[in-house]
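Colleague: I am new to this structure and would like to go through it with you, step by step. Could we begin with the whole chain and then turn to single parts?

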Amino acid sequence: MLIGVYGVRAARSTPDFLVASQEVKPTWNALAIAGEYVSAASVLGLAGLMLKHGIGTLWYAVGFTAGYVVVAALVAGPMRRSGAYTVPDFADYRLGSQRIRKLCAVIVLVIMWLYLIPQFKGAGVVLHLVSGTPYWVGVVLAGLVVSVSILAGGMRSATYVQGFHYLVKLVFIAVPAVVLLASAGPEGRAEALHVDLTAWSRPLLDLDNSGEPLLATWSVLIATTLGAAGLPHVIMRFSTTATARAARRVAVWVIVLLGLFYLFPAVYGLLGRVFTPELATEGDTDTVTVVLPGAMLPGTWGAVLTALVAAGAFAAFLSTSSGLLLALAGGLSHDLSRTGATGVGRLRLAVAAGALVAVLLSLPAAAVDINVLVGWAFAVAASTFCPLLVLGIWWRGLTVAGAAAGLVAGVCASTGAALASAVVDAPHGWVVVLLAQPAAWTVPLAFAVMYGVSRLGTPPEWAERAVLRLHTPDDTARPR
């Protein structure tokens, strides 16, 4: 909160509140993006899913990291050149349609609330484990702390907080992981690292024992890789840099930072299989990262390591929630407004309102797996904003009707499948995969609809100039 308040001195306008007046240094930006991207799904959910489903779960980490290859290659530079603050801003710039802008703003709200719920749920679970407080206390506390830090200084505050939080998460997750590996002893390490022929050790992800591991793995990779290129809070970050070249450099550094961090949740999943296997049968796999230190080292040292892991987990919840709330506030206030312009006061009110709704939605979500909710958010982003950004940046033929049709098809298909998987007891097989992780069919559907409908119409007359601007190098005025 103190670091967040440090940013209040400059949050005096909408550009500064949303994109820090595009003055964030690449190093801080990379740390901040990694800080907000390493969420509850990374700290708790990945190790928990690994304990539950096996080593094939590591494909989630591959997809989360590989997403920034797509971002660096296709989105980061052109998005910065567009001058847009948010994804709806980009849609308005590219297509000149207020209706598309508002449709995008509604989709932003859907993605951000889907992503915020597991962050606040993780806070409630961790605080309950380490202090015995009721689940709702952690949820409310996380909402209050994040809201205060963002209300103070907007994007500048969030950048400082998230960059600091990445370092906290890396140290507080990595150090206990190394200590636990050392304390496991030769026999414990051998058992944890032993690869047998059971389903747990197979290299593909089999969701809910569907019997379709290749389809499940492929769908998860599509959702996580292409979803990263469509997450509104990630895309906003590249508008805070000074140039498109700096934006691409930031994306490359994020790949390095994420690759380093994702080495350690796997350690908790492997050791949890040996020392806390009961969590898988009890359905509490999301708690393995916090429970494991006490199970392996009873007493003072176990308590100290548990405290470190809990602090790292809270850093994950708070830093990710900061970026999500900023994007949510932009959608509620900036993008849904009639003119696209609004004051800092209205943005701060939107932060408070968005946090309140997220807290209320998180209270009944205690029994839902963290990675399931995050997976839904990625699937929606991959099925909506990824096609919009990729086609809008790289194809001048995109039309308003095509964009609208593709967005509606993508959001309806992905959210409909996610809701169906939660309420319908589908038989095992490919149906389970296509409902629980629908990106394998919703992403091609959105691309096909957006392209096909656009081909039936005529693009705006300024489309070629708009696309040309997106690809004009930063140094065209520099003498050869």
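**The chain as a whole**

Modeller: Among contacts (heavy atoms within 4.5 Å) in the protein chain between residues at least 6 apart in sequence, 85% join residues at least 24 apart. Residues are numbered from 1 along each chain as its sequence is written, and side-chain values use heavy atoms, with hydrogens and water left out. This is a predicted model, in which local features need pLDDT of at least 70 and side-chain atom pairs count only at pLDDT 80 or more, while totals for chains, interfaces and linings use all residues.

Colleague: How many helices and strands does the secondary structure of the protein chain come to?

Modeller: Helices (H or I, at least four residues) and strands (E, at least two) are DSSP runs, numbered from the N terminus. Counted in that way, the protein chain has zero strands, and its helices come to 22.

Colleague: What share of the 480 residues of the protein chain counts as buried?

Modeller: A residue is called buried under 20% relative accessible area, exposed over 50% and partly exposed in between, with a 1.4 Å probe and protein chains only. By that rule, the buried share of the 480 residues is 59%.

Colleague: What span does helix α7 reach from its first C-alpha to its last?

Modeller: Helix α7 covers residues 98–131, which makes 34 residues, and 50 Å is expected for it at 1.5 Å a residue. The expected span is 1.5 Å times one less than the number of residues.

Colleague: Is Arg-101 buried or exposed, and which residue does its side chain contact?

Modeller: Arg-101 has its place in helix α7, where 24 of the 34 residues are buried. Arg-101 itself counts as buried because its relative accessible area is 3%. A polar contact is a pair of N or O atoms within 3.5 Å; within protein, one must be able to donate a hydrogen and the other to accept it, and residues adjacent in sequence count only if both atoms are side-chain atoms. At 2.6 Å, the side chain of Arg-101 makes such a contact with the side chain of Asp-89.

Colleague: How many of the nine residues of helix α6 are buried?

Modeller: Helix α6, residues 87–95, is mostly covered, and among its buried residues are Phe-90 and Asp-89. After the helix comes Gly-96, with a positive phi near 60 degrees. The number of buried residues in α6 is eight.
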